[in-house]
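Let's walk through this one together, from the fold down to a single side chain. Have a look at the sequence and the model before reading on.

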Amino acid sequence: MHMTKDKKASDTFAQGYSCSQAVLSARCEKYGLDQKTALTIAAGFGGGMGRTGGACGAVTGVISIIGLHAGSDQAGDTKAKENTYRIVREFVAEFEEEFGSVNCKELLGCDIGSPTGYDQARKQGMFENICPRFVDGAIEIFDRVMEHDEQQRPAQDQTDSPTTQ
């Protein structure tokens with residue numbers, strides 16, 4: 001199946017927003033979260049969580065969207081929690097398979113949390129040439145995982161709820 005490239009996230013990233021902001025804001029409105037709030041919530045996740053080189057902001061941005069999609073605000077809703085975790089695991093596995101890691105340091109091959117590493121990334125054009133691949137890739141993988149989840153859902157719903165006629 002061929003999917004049309006959705007460049008909304010990488011276009012937002014190119015405007016100067018972080019990878020996490022770009023990704024969350026690309027899908028937030030579908031789940032009832034406005035752009036401004038999404039950009040604000042995701043502000044600290046860029047650069048592998050505050051430029052610490054941890055989990056890539058494109059990944060944490062998608063995990064935030066998955067929470068909006070499947071998460072629950074009920075503490076005892078273990079079914080929603082397990083479903084959310086299942087979707088996150090599927091996304092993470094596909095991202096790792098495609099890019100080799102979910103960690104910023106490993107994806108870039110340098111530590112942008114250090115002045116030397118940040119300068120290296122900037123001078124080598126990583127933010128213009130490499131990070132947009134992760135941003136677009138995260139959205140593509142998210143869309144694929146959501147499509148897969150929706151294909152499975154009708155069968156799950158039929159077993160979980162009685163049919164009325």
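A contact, as used here, means heavy atoms within 4.5 Å. With that in hand, a few ground rules. This is a predicted model, so to speak for itself a local feature needs pLDDT of at least 70 and side-chain atom pairs count only at pLDDT 80 or more, while totals for chains, interfaces and linings use all residues. Residues are numbered from 1 along each chain as its sequence is written, and side-chain values use heavy atoms, with hydrogens and water left out.

The chain's mean pLDDT is 90, with 89% of residues at 70 or more. Residues 157-165 are another matter: pLDDT there is below 50, and beyond near neighbours in sequence the stretch has one contact in the model.

Now the fold. The chain has 10 helices and zero strands, where helices (H or I, at least four residues) and strands (E, at least two) are DSSP runs, numbered from the N terminus. Of the 165 residues, 44% count as buried, meaning under 20% relative accessible area, with exposed over 50% and partly exposed in between (1.4 Å probe, protein chains only). Among contacts between residues at least 6 apart in sequence, 61% join residues at least 24 apart.

The largest pocket has a volume of about 400 Å³. A pocket here is an open set of points on a 1 Å grid over the protein atoms alone, where a 1.4 Å probe fits, with protein on both sides within 12 Å along at least five of seven lines; lining residues have an atom within 4 Å of a point. The volume is the space filled by probe spheres set on the points, which are joined across faces, edges and corners. Of the 25 lining residues, F13, S18, C19, G47 and F127 are the closest to the pocket's centre. Helix α10 gives the most to the lining, with four residues, and helices supplying at least two include α1 (8-14) and α5 (57-70).

Finally, zoom in on I41, which sits in helix α3 (residues 35-41). Is I41 buried or partly exposed? I41 counts as partly exposed, because its relative accessibility is 45%. Leaving aside neighbours within four places in sequence, I41 is in contact with L24 and L33. L24 is 17 residues from I41 in sequence, and their C-alpha atoms are 8.8 Å apart.

Conventions
pLDDT is the predictor's confidence in each residue, from 0 to 100.
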